[in-house]
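User: Can you walk me through the helix packing and the aromatic pairs in this one? I'd like the cut-offs as we go.

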Amino acid sequence: MRDRRGVLLFGDQPDRKIEEHGIWYAVDLTINEDSSFYLDTRNLRRWALEHLQGRTVLNTFAYTGSLGVAARAGGARRVVQLDRNRRFLSVGKTSCALNGFPALPGEFVEADFFRFTARYRRSDEQFDCIFVDPPSFATSSTGVIDQFNGNARILNKVRPLVSDGGFLVAVNNALYVSGGAYMQTLSLLCEDGCLEIVEFIPVPEDILGYGGTAIGAPIADPSPFNHSTKIAVLKVSRRRHLAT
């Protein structure tokens with residue numbers, strides 16, 4: 001398992017931080033079977049920097065918290081980073097320290113997604129922006145995360161937590177879910193008029209690969225998105241819901 005998480009081939013130790021858009025992010029290159037930092041969501045972090053000043057933010061499935069850190073760097077007044085793995089959240093805490101952000105009470109929450117969102121729904125807690133970027137598949141004693149069959153179910157868990165005029169940022173990174181299928185899910189969620197798709201956030205071109213180097217077709221056609229990491233920003237209208 002240690003070898004699967006990465007083997008150091010050169011140098012004395014892996015780097016511990018990287019800079020993007022002028023913000024420092026801690027990385028732990030051997031904490032998991034990836035780099036602990038996802039480059040395909042770079043434009044989403046830029047969006048957070050530009051749109052969340054003075055906002056309250058919930059980053060579900062936070063992993064190492066890069067989206068929440070970007071929100072804080074953009075001037076968000078409150079950020080809650082939710083993940084059930086303490087080691088992952090500790091990387092996010094280090095990112096905050098690297099940027100001189102003061103530790104805030106309740107910012108990093110080690111909890112199960114289903115239990116946490118149920119508790120907030122009961123207390124009518126609301127946020128101006130909620131990020132939902134779950135793993136492709138995961139199970140717990142309280143529920144199943146399944147990006148092929150359960151996208152709508154996961155998004156419906158957090159819809160009541162978004163304030164009127166707020167944003168629900170939905171990310172599906174499953175290779176085997178086509179862009180058309182994901183659009184159908186989002187369109188069905190928007191049928192009641194309480195959600196509206198306002199923006200797609202593309203994956204940066206340098207992450208897509210270089211022209212002529214691709215071998216074969218993608219597992220599933222991501223269009224109208226430009227990558228299997230499919231990012232949509234939806235705007236929430238609670239007043240329309242109350243009116244109906």
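Analyst: A definition to start: axes are lines fitted to C-alpha atoms, for helices over the stretch in contact, and angles run from 0 to 180 degrees between N-to-C directions. Helices (H or I, at least four residues) and strands (E, at least two) are DSSP runs, numbered from the N terminus. This is a predicted model, where local features need pLDDT of at least 70 and side-chain atom pairs count only at pLDDT 80 or more, while totals for chains, interfaces and linings use all residues. Residues are numbered from 1 along each chain as its sequence is written, and side-chain values use heavy atoms, with hydrogens and water left out.

User: Left- or right-handed crossing for helix 5 and helix 6?

Analyst: Right-handed. A crossing is left-handed if the near helix is turned anticlockwise from the far one by less than a right angle, and right-handed if clockwise.

User: What about helix 4 against helix 5?

Analyst: Their axes come within 9 Å and cross at roughly 40°. That makes helix 4 oblique to helix 5. On the helix 4 side are Phe113, Phe114, Thr117 and Arg121, which meet Arg153, Ile154, Lys157 and Val158 in helix 5. The contact of helix 4 with helix 5 divides into four nonpolar, one polar and three charged residues.

User: Phe113 might come up again. How many aromatic pairs are there?

Analyst: The structure holds 11 aromatic pairs. In one of them, the ring centres of Phe61 and Phe113 are 4.6 Å apart and the planes are at 25°, so the pair is stacked. Rings of Phe, Tyr and Trp (its six-membered ring) pair if their centres lie within 6.5 Å; planes under 30 degrees apart count as stacked, over 60 as edge-to-face and the rest as tilted.

User: Where do Phe61 and Phe113 lie in the chain?

Analyst: Phe61 is in the loop between strand 3 (56–60) and helix 2 (66–73), while Phe113 is in helix 4 (residues 113–122), 52 residues apart. Both Phe61 and Phe113 are buried. The cut-offs: buried is under 20% relative accessible area, exposed over 50%, partly exposed in between (1.4 Å probe, protein chains only).

User: How do Phe200 and Phe225 pair?

Analyst: The pair is tilted, with 4.6 Å centre to centre and 45° between the planes. Phe200 lies in strand 10 (residues 195–200) and Phe225 in the loop between strand 10 and strand 11 (230–236), so the pair ties together parts 25 residues apart in sequence. Phe200 counts as partly exposed at 31% relative accessibility, whereas Phe225 is buried at 6%.

User: Back to helices. How many residues of helix 2 are buried?

Analyst: Seven of the eight, so helix 2 is largely enclosed by the rest of the structure. The buried ones are Ser66, Leu67, Gly68, Val69, Ala70, Ala71 and Arg72. What covers them includes strand 2 (23–26), helix 1 (42–51), strand 3, strand 4 (78–83), helix 3 (86–98) and strand 6 (127–132).

User: How does helix 1 pack on helix 2?

Analyst: At an angle of about 30°, with the axes 7 Å apart. That makes helix 1 roughly parallel to helix 2. The crossing of helix 1 and helix 2 is right-handed. Leu44, Arg45, Ala48 and Leu49 of helix 1 meet Ser66, Leu67, Ala70, Ala71 and Ala73 of helix 2.

User: What follows helix 2?

Analyst: Gly75, with a positive phi near 95°.

Definitions and conventions
Contact = heavy atoms within 4.5 Å. Parallel < 35°, antiparallel > 145°, perpendicular 65-115°, else oblique. Nonpolar A, V, L, I, M, F, W, Y, C, P; charged D, E, K, R; others polar.
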